[in-house]
Structure formats: C-alpha cells, structure tokens
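Reader: Please take a close look at one loop and its surroundings. Start with the overall layout, then go to the details.

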Amino acid sequence: MYAIFENGGKQYKACVGDLVKVEKVDKGLGETVEFPVIMTADEKGVMVCGEVEGVKVTAEVVEQGKEKKIIVFKYKAKKNERKKQGHRQPYTLVKITAIGAAAAKKTAAKKTAAKKAEAETEAKAE
C-alpha cells in the first residue's frame with residue numbers, strides 16, 4: 001500500500017517504512033507528525049477525493065537539516081551589475097510509520113475477530 005500526501009504545497013509518495021524529505025515541520029526529533037492524504041492505492045484499488053477523507057499518514061521526525069547550498073547569481077551585461085546570493089533550503093526527514101487507512105483496517109479486523117470470538121463463546125455456552 002502507498003499513499004500520496006501533501007506538505008508545503010508539494011506532494012509526496014510514501015509507503016510504510018520509507019524515509020522522506022519534506023518541507024520543514026516545526027517538530028522535535030522523535031515526535032510524530034500527521035499529513036493529510038490525497039490518494040491511496042493498494043491491491044484492492046485506488047481511492048481518491050471523498051473516499052480518503054479522514055485518512056492520514058503518520059510519520060516520525062528523524063532529522064532536521066538544510067539542503068546543499070545553491071548559488072543565485074544575477075547579472076546584467078555591460079552594466080557592471082552583479083548580485084550573488086546563496087540559499088540552503090531547510091527540510092525535515094521523516095520515517096513513515098503508518099498510513100491511516102491501513103491502521104483503520106487493522107483495528108476493524110481486530111474488532112471483527114473479537115466479535116467472532118465472542119459469538120463462538122456464546123454459541124458454545126448455549
């Protein structure tokens with residue numbers, strides 16, 4: 001199963017256990033973060049729009065850092081105009097721990113298994 005989630009105006013594809021660099025998130029190391037899901041896909045099919053409402057990607061913050069420096073150089077020929085700037089984009093490295101639909105399915109499966117077990121014990125008691 002994988003999900004497409006959104007953060008900082010960008011979309012990311014993630015599976016459980018993946019490490020993903022996302023736009024900076026104000027959380028400390030080891031804290032959990034939730035991202036809204038746009039689309040999910042698994043062996044049963046693809047879910048989009050209203051079908052994934054309430055589904056979240058849960059991730060753990062692994063690292064806060066800055067990307068490699070890029071140079072921005074503005075230049076106008078024959079005018080002696082030059083401007084050099086550098087920029088390092090901050091990022092957050094997160095490890096995907098769960099995708100909401102999978103977690104919901106697991107809890108639903110546990111509940112149905114518990115109901116079946118209760119029904120069997122009641123049937124044996126009669």
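Author: From the N terminus on, the elements run β-β-β-β-β-β-β-β-β-α. That is nine strands and one helix. The model is predicted. Of the 126 residues in the protein, 23% are buried. Take the contacts with a separation of 6 or more: 62% of them join residues 24 or more positions apart. The protein exposes about 9,200 Å². Carbon and sulfur atoms supply 52% of that area.

Now the loop. It sits between strand 6 (56–66) and strand 7 (70–76), and K69 is in it. K69 counts as exposed because its relative accessible area is 52%, and the cut-off for exposed is over 50%.

What does K69 touch, leaving aside residues up to four places away in sequence? The partners are G86, H87 and R88. Strand 8 covers 81–87. The C-alpha atom of Q89 is 7.8 Å from that of K69. Along the chain, K69 and Q89 are 20 residues apart.

Charge comes next. K69 belongs to a positive surface patch.

The side chain of E67 meets that of K21 in a salt bridge, at 3.7 Å from N to O.

The structure holds two salt bridges. In the other, the side chains of K10 and E23 meet at 2.3 Å, N to O. This pair links distant parts of the chain: K10 is in strand 2 (residues 10–15), and E23 is in strand 3 (residues 19–23). The two are 13 residues apart. K10 is partly exposed, at 40% relative accessibility. E23 counts as buried because its value is 19%, and the cut-off for buried is under 20%.

F73 is partly exposed, with a relative accessible area of 48%. Together with I71 and Y75, F73 forms a nonpolar patch on the surface. The three have about 340 Å² of accessible area together.

One lies between strand 7 and strand 8, and N80 is in it. N80 has a positive phi of about 55 degrees, although it is not a glycine. N80 is exposed, with a relative accessible area of 65%. The other loop lies between strand 5 (45–48) and strand 6, and C49 is in it. The phi of C49 is near 50 degrees, again a positive value in a residue other than glycine. C49 is exposed, with a relative accessible area of 65%.

Methods
Residues are numbered from 1 along each chain as its sequence is written. This is a predicted model: local features need pLDDT of at least 70, side-chain atom pairs count only at pLDDT 80 or more; totals for chains, interfaces and linings use all residues. Side-chain values use heavy atoms; hydrogens and water are left out. Helices (H or I, at least four residues) and strands (E, at least two) are DSSP runs, numbered from the N terminus. Buried means under 20% relative accessible area, exposed over 50%, partly exposed in between (1.4 Å probe, protein chains only). Contact means heavy atoms within 4.5 Å. Patches are made of residues with over 30% relative accessible area and no salt bridge: like charges are joined within 9 Å, nonpolar side chains (Val, Leu, Ile, Met, Phe, Trp, Tyr) within 5 Å. Accessible areas come from the Shrake-Rupley method with a 1.4 Å probe; for residues, only the protein chains shown count as cover. A salt bridge is a side-chain nitrogen of Lys or Arg within 4 Å of a carboxyl oxygen of Asp or Glu. Lys and Arg count as positive and Asp and Glu as negative; His and the chain ends are not counted. The place of a charge is taken as NZ of Lys, CZ of Arg, CG of Asp or CD of Glu.
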